[in-house]
Amino acid sequence: MQTHGSFIIFNQDNTLVVKPIGAWNYETAVMCGLEYKQLVGEFKGKPWACLLDLTEWEFFTPDAAAYIDELNAWGNINNQKYEVVISKSALQIALLEKSHKVLTNVETKFCDNIEDAYQWLEELGVINVSIT
């Protein structure tokens, strides 16, 4: 099946930066998940953070949501320690709070802008970025 939606994903210091774009189906979630796991492997077992920027994300299908729940559980057991979510949407935040229940080893913070997200990660010492 063809993918719907897209994403940008990369490592920055000890942080995985993920920016979903548009409406996602299962195939897009799986493609992102494969890159996610590959990039996390570059941390070589060290603690890491995830910056999830939802400013251009719309929604995902139920099967994609189930896959994201599995990916969150994978991160939880693969030394993810922090997650910061950027969103101004109460609906997105509610959906994420539900799916983040599996992140029992992860401290999560919700922000409404990228500057606050980066500042929190800098305070934790997992990223070294100055935004002006």
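Author: Buried means under 20% relative accessible area, exposed over 50%, and partly exposed in between (1.4 Å probe, protein chains only). This is a predicted model, in which local features need pLDDT of at least 70, side-chain atom pairs count only at pLDDT 80 or more, and totals for chains, interfaces and linings use all residues. Residues are numbered from 1 along each chain as its sequence is written, and side-chain values use heavy atoms, with hydrogens and water left out.

Reader: Is Gln 80 buried or exposed?

Author: Gln 80 belongs to strand β5, residues 80-86. Helices (H or I, at least four residues) and strands (E, at least two) are DSSP runs, numbered from the N terminus. The relative accessible area of Gln 80 is 0%, so this residue counts as buried.

Reader: Which side chain joins that of Gln 80 in a polar contact of 2.9 Å?

Author: A polar contact is a pair of N or O atoms within 3.5 Å; within protein, one must be able to donate a hydrogen and the other to accept it, and residues adjacent in sequence count only if both atoms are side-chain atoms. A polar atom of the Gln 80 side chain lies 3.2 Å from the backbone oxygen of Tyr 82. The side-chain partner at 2.9 Å is Glu 83.

Reader: In what order do the elements of the protein run?

Author: The protein has 4 helices and 6 strands. From the N terminus on, their order is β-β-α-β-β-α-β-α-β-α.

Reader: What is the radius of gyration of the protein?

Author: The radius of gyration is taken over C-alpha atoms, and the globule rule is 2.2 Å times the number of residues to the power 0.38. For 132 residues the globule rule gives 14 Å, and the protein comes close to that, so it is as compact as a globular protein of that length. Its C-alpha atoms fill a box of roughly 40 × 30 × 25 Å along the principal axes. The radius of gyration is 14 Å.

Reader: Which residues does Val 17 contact beyond four places in sequence?

Author: Val 17 lies in strand β2 and is buried, because its relative accessible area is 7%. Contact means heavy atoms within 4.5 Å. Leaving aside neighbours within four places in sequence, the contacts of Val 17 are Ile 8, Ile 9, Phe 10, Gln 12, Leu 51 and Tyr 118.

Reader: How many salt bridges does a search of the whole structure find?

Author: A salt bridge is a side-chain nitrogen of Lys or Arg within 4 Å of a carboxyl oxygen of Asp or Glu. One of them pairs Lys 19 with Asp 53 (3.4 Å, N to O). Because Lys 19 lies in strand β2 and Asp 53 in strand β3, that pair ties together parts 34 residues apart in sequence. The search finds 2 salt bridges.

Reader: Which residues do the salt bridges that share partners join into one network?

Author: Lys 19 also meets Glu 56 in a salt bridge (3.1 Å, N to O). Glu 56 is in the loop between β3 and β4 (57-60), so its pairing with Lys 19 in strand β2 ties together parts 37 residues apart in sequence. With a relative accessible area of 42%, Glu 56 is partly exposed. The network consists of Lys 19, Asp 53 and Glu 56.

Reader: Is Lys 44 buried or exposed?

Author: Lys 44 lies in the loop between α1 and β3, and its phi is near 50 degrees, a positive value in a residue other than glycine. Its relative accessibility is 70%, so Lys 44 counts as exposed.
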